[in-house]
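Student: I am new to this structure. Please take me through one part of it closely.

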Amino acid sequence: MEMKWIRSNHAFDAVAAYFSVLSEPTRLRIMHAICEQEKTVSQIVAELGATQTNISRHLNLMHRSGVLARRKEGNQSTIGRADPEMVEICRSVCSRIAAQLDEKKPLRGDLLRLMPRPKRKKRAA
């Protein structure tokens, strides 16, 4: 019985570590920046208006956790999402919080724009 309890604690620790990636506003802003397309680190830095050092620290953590993919092209790294489920979790939470807010509140619109739904490709007739 004791071993089962220990194993379940490890499972909870792993889930908590996964969710901790979303626990910092800068990392949420990074997810928003790359939710629809890959970007270079310099593009992310410019879009977020943060320092290269700060963004790199968050990108490294997110990459180690398996949320982001990194591809080197010359001296530049291109960042994309490695875990589409993380983007869906962000979308779901933003939609849920927005649904709880009054339609007239500016925060509601901001939340709905945070993680836009991908554009669907039109089918050929």
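Tutor: Start with Thr 26. Leaving aside residues up to four places away in sequence, Thr 26 touches Leu 48, Asn 54, Ile 55 and His 58. Contact here means heavy atoms within 4.5 Å. This is a predicted model, where local features need pLDDT of at least 70, side-chain atom pairs count only at pLDDT 80 or more, and totals for chains, interfaces and linings use all residues. Residues are numbered from 1 along each chain as its sequence is written, and side-chain values use heavy atoms, with hydrogens and water left out.

Thr 26 sits in helix 2, residues 25-34. Helices (H or I, at least four residues) and strands (E, at least two) are DSSP runs, numbered from the N terminus. Thr 26 has a relative accessible area of 13%, so it is buried. Buried means under 20% relative accessible area, exposed over 50%, and partly exposed in between (1.4 Å probe, protein chains only).

Now take one of its contacts, Asn 54. Asn 54 belongs to helix 4, residues 52-64. Its relative accessible area is 22%, so Asn 54 is partly exposed. Along the chain, Asn 54 and Thr 26 are 28 residues apart. Their C-alpha atoms are separated by 8.9 Å.

Three of them form an open sheet, ordered 1-3-2, with antiparallel pairing. Strand 1 (39-40) and strand 2 (68-73) each have a single partner strand, so they stand at the edges, and one side of each lacks a neighbour in the sheet. Two strands pair if DSSP finds at least two bridges between them. Strand 2 and strand 3 (residues 76-81) pair over six bridges. Arg 70 has Ile 79 in strand 3 as its bridge partner.
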